[in-house]
Amino acid sequence: MKLLSLIRDRLLQLELLFAAASLLLLLVLAVAQIIARNAFDAGITQADTLTRYLVLYVTFFGATLAVDRNRHIKIDVACTLLSTRTQAHLYRPLRALAAVICMFFADASIRFWRDEWTYAQDYERWQVIVGLILPVGFVLLTIHFLLAALLGPDDDACRLP
Amino acid sequence: GTTHVIKFATLAPPGTTWMNILEEWGQEVKTRSKGRLVFKFYPGGVQGDEPDVLKKMRFNQLQGGAFTGYGIGRMYSPARVLELPFLFNDIDEVDLVRRHFTKTFQQGFHDNGYELLGWMEVGFIHMFSTEPIRSLEDMRSRRVWLWQGDPIGQAFFQASGISPVPLSIIDVYTSLSTGLIDTVYAPPLGAIALQWFTKTRYISSIPLTNGMGGLIVTRRFVDRLPKDLQALLRETGNSYGEKLVAATRVDNAKSIDELKKRGLEFIEPDEGMSDAELLALRNRAADALIKSNYIPASVFEQTRKLLDQHRHARATAGTPAP
Amino acid sequence: MPFAVAAIIMLALFGLPLFAVLGAGSLLYAHYSELDSALLIVELNRLASSPNLTAIPLFTLAGVILSSGGAPQRLIRLFNALLGWLPGGLSIVAIAACAFFTSFSGASGVTILALGGLLYPVLMKVHYPERFSLGLLTTSGSLGLLFPPSLAILLYGVVAGVNIDDLFLAGIVPGLTLMVMLGVYAAFVGSRFSVPHHPFSWHILGRALHSGLGDVLLPVLIVTGIFGGYVTVSEAAACTALYVLVLESLVHRSISLRKQLIPLLGDTAVLVGSILIILGVAMGLTNLLIDAQLPMRLLEWMETSIDTPLKFLLLLNLFLLAVGAMMDIFSATVVVVPLILPLAQRFGIDPVHLGVIFLANLEIGYSTPPVGINLFIASQRFEKPVLTLFRSTFPFLLLMLVWLGIVTYVPVLSLWWQ
Ligand code: NA
Ligand code: NA
């Protein structure tokens, strides 16, 4: 268990760094584009594409962080109607199930990515590499839900944002 | 027996010339196959941009689509020699080259996993803009749309020193409204069908190129069809393709009048935009495309030879070249 | 199939994250209709080509930085100096400050946490009835939803393919109408309970303006930037984020970049991730529905059973109120909008007006059980049972329903500029 929570904490640190870096890069690129367009009548065509991919990076790293902060949006009827004990019982099975669902998505995104790689035109290959975030993101989500299922809740499962 | 369903996507919105003829095609196939082969149409880009449709064809959600040159380039890029900017003087030249290459190209599609059932056309592509564009200089200070991931557009803009804004075609209309872009390229019929003309005021009078298109299905789907249905699909695909080409030409001509009536202004290029400059531009773009093997050198050479012969023959026969 | 759907709905009610619920639904449906699950990713990948989507993380970042800097206090101080002299002044201050703040923070409940906590004790101190104060602060948590640059509007624009500038314009009058209606009610309650209000002072206003000028200037800059045609929505988002970062770290020095920047970026990513992952997964599900030509069939069915736009709008409101009772606004947008959009167009309803109707319905949904985020958050923040809060918001809900009727059946409020 100690090892598992150590793994989780290291992963979370890394993901926080990646999330922060992606968001910061998104901001910097967006501002650079505005300056380039207005001051130099020039744009960086590839930068437009990259900024849009960065949204996916922020999304996936944010979503992995959200697992452990218990911040994923849910229809929380259970939180108002069920007793705290029932909710505690539900914590692990729900996360295990979410892990399974994410695993199927990870599988789907790996097959999607391989197809992209096979059919990419040469000038688009860098985008396919940037697009690795899709399989990586779902694998990370799977791992986090799995860890959450194994480690159990660390405090109130109904914590609100 | 079993019913074969062909899910067929296109960017053409419902109710347009293109979509009406496609529906007609579907009806004829259904009747003549006695319901054994039926079309399910997904018009108006509901299945996404052409690269998305292609991905869905590879994962077998969709079996076919009516594509523009942009999508065709991702299946079999040599066919896009038909779309090189400033290469053709008139529509007869386009037809000549297309006829010459049809067999070769059909084989090319086949080898890459697709079947070209028939040609289509989107027509002469003009620039539509919110400010008048008279020169390349004018264009450099505009926010010009690039169909994201289109090598011909990319090569053309690169050769002209323009840094375009890459966008999926799905996002063009809203991006024109928000000012993310202010200059787009489209055939007149397309600009009307997609409502882009409502957001622009000027049209360049010189077309950049003639936009091609094709009716394409996956080879996997055709291979699984009984022989008689294969023949039916090919035969009708070919004839409806011809119908589409003819109708597009008529409607594009009508669309130009319609656009004038709606108050759009046609802009003639500056004196400075000489033929020589355009030719140099075309050569730079073509060189880049040949160098990256997007359009094989041999295909380009054959096309040039064919056009030279044709123009020479016409000149000696006394028909003045336009 | 019906069994699987029932099981998935059960899991949703038990608290399975919504993106997983939608994901499970689409996986099962893909399996059932013999489609490759990779197709779900084809759709998700389309997020990476959406040019307006970049505005969402950037505006969210601005909201997160503003609320962790001193913006809530500065805003209350400023609006109090500006409006506190009115009868019912303090509650009008609350309405204005909450609306302003929500338009930036994205109506995720942050408003109640950040402003409600500050305002509640002050309202109680000047002898507003407890129920009124609770109800006011709970409903105010979603008040700014229709003002630029609200995330809800951005998301609707992205999903519906509607021009976001137009939506921003369309939301302003309906949003102000609701504020005025609530303001009048508050003034009425204020005078009935003879709540004291302080005299207006230029001196105090000047001091409050000095500290809060940077904040109130922000919407002015955004609106002029976008409607003046100087910047696009996503460029405005980038400028806003940069401006707020400079404002809080260099001008007010209320956040330390070295210590707080990474955690704040992380918080933003969590907010963005929890919303956009739902959008990504829902796009896959929507595609499966389109593949089955469900929207077209729904359209055919509606055409035979509903004959007038009026009937359609009434049905739409009932349906959306039910949706708002069950779902949060972001999930509702990505799931429901693709279904109702073609229907509304068939009945000649402008997609921009539809956006306002849609968001107005869901704004009410924030405070209706069983899923009313505002009720939950207020219950946690004010330490009151959810039922008490629901009872307190009831008069406000009635008022909002009247407002909904006006917004729905008087399209000119949304479309006057066309
Ligand atoms: Na609700
Ligand atoms: Na709700």
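Reply: Start in chain A, where helix α1 spans residues 2-40 and holds A:S22. Keep in mind as we go that this is a predicted model. A:S22 has a relative accessible area of 6%, so it counts as buried. What does A:S22 touch, once you leave aside its neighbours within four places in sequence? The contacts are A:L54, A:Y57, A:V58 and A:F61. An α-helix makes a turn every 3.6 residues, so positions three or four places apart point the same way.

An unreviewed UniProt entry annotates residues 50-67 of chain A as "transmembrane region", along with 94-114 and 126-151. In the model, residues 50-67 of chain A are 100% helix and 0% strand, with 26 Å between the end C-alpha atoms. Residues 94-114 of chain A also come out as 100% helix and 0% strand, and there the end C-alpha atoms lie 30 Å apart. While you're in that area, look at A:R95: its charged end sits over the ring of A:Y91, 3.8 Å from the ring centre. Chain C has a charge over a ring too, with C:R346 lying over the face of C:F347 at 5.9 Å from the ring centre.

A:R111 takes us across to chain C. Its side chain meets that of C:D36 in a salt bridge, with 2.7 Å from N to O. Across the interface of chain C and chain A there are two salt bridges by the rule used. In terms of residues, 67 from chain C are in contact with 53 from chain A. The size of an interface is often given as the accessible area lost when the parts come together. For chain C and chain A that area is about 5,200 Å², and carbon and sulfur atoms give 81% of it. On the chain C side, C:F14, C:I41 and C:V270 supply 11% of the area buried against chain A, more than any other three residues.

B:K56 sits in helix α2 of chain B. Is this lysine, B:K56, buried or exposed? Its relative accessibility is 0%, so B:K56 counts as buried. Its contacts beyond four places in sequence include B:Q47, B:Q61 and B:L62 from its own chain, and C:L39, C:V42, C:E43, C:R46 and C:N287 from chain C. The rest of the helix is much like that: nine of the nine residues in α2 (50-58) of chain B are buried. Among them are the charged residues B:E50, B:D52, B:K55 and B:R58. Just after α2(B), B:N60 takes a positive phi of about 65 degrees.

Next, the rings. A pair of aromatic rings is described by the distance of the centres and the angle of the planes. Over all chains, the search finds 34 aromatic pairs. One of them is B:F39 with B:F41, a stacked pair at 5.3 Å centre to centre with 10 degrees between the planes. B:F39 is buried at 13% relative accessibility, and B:F41 is buried at 11%. For an edge-to-face pair, go to C:W85 and C:F200, whose ring centres are 6.4 Å apart and whose planes stand at 85 degrees. C:W85 is in the loop between α5 and α6 of chain C and C:F200 in the loop between α10 and α11, so this pair ties together parts that are 115 residues apart in sequence. C:W85 is partly exposed at 37%, and C:F200 is partly exposed at 33%. Back in chain B, ring pairs link B:Y70, B:F86, B:W145, B:W147, B:F156, B:F157, B:Y185 and B:W196 into a cluster.

Last stop: C:L90, in helix α6 of chain C. C:L90 is buried, with a relative accessible area of 12%. Beyond four places in sequence, its contacts are C:N80, C:V122, C:L123, C:V126 and C:Y128. For C:L90 and C:L123, the C-alpha atoms are 7.0 Å apart, with the two residues 33 apart in sequence.

How values were computed
Residues are numbered from 1 along each chain as its sequence is written. Chains are lettered from A and ligands numbered from 1 in the order in which they are written. This is a predicted model: local features need pLDDT of at least 70, side-chain atom pairs count only at pLDDT 80 or more; totals for chains, interfaces and linings use all residues. Side-chain values use heavy atoms; hydrogens and water are left out. UniProt positions are given in the numbering used here, feature names are shortened, and annotations may be inferred rather than shown by experiment. Helices (H or I, at least four residues) and strands (E, at least two) are DSSP runs, numbered from the N terminus. Buried means under 20% relative accessible area, exposed over 50%, partly exposed in between (1.4 Å probe, protein chains only). Rings of Phe, Tyr and Trp (its six-membered ring) pair if their centres lie within 6.5 Å; planes under 30 degrees apart count as stacked, over 60 as edge-to-face and the rest as tilted. A charge sits over a ring if NZ of Lys or CZ of Arg is within 6 Å of the ring centre and within 35 degrees of the ring normal. Contact means heavy atoms within 4.5 Å. Buried area is the accessible area (1.4 Å probe) that two parts lose on being put together, summed over both. A salt bridge is a side-chain nitrogen of Lys or Arg within 4 Å of a carboxyl oxygen of Asp or Glu.
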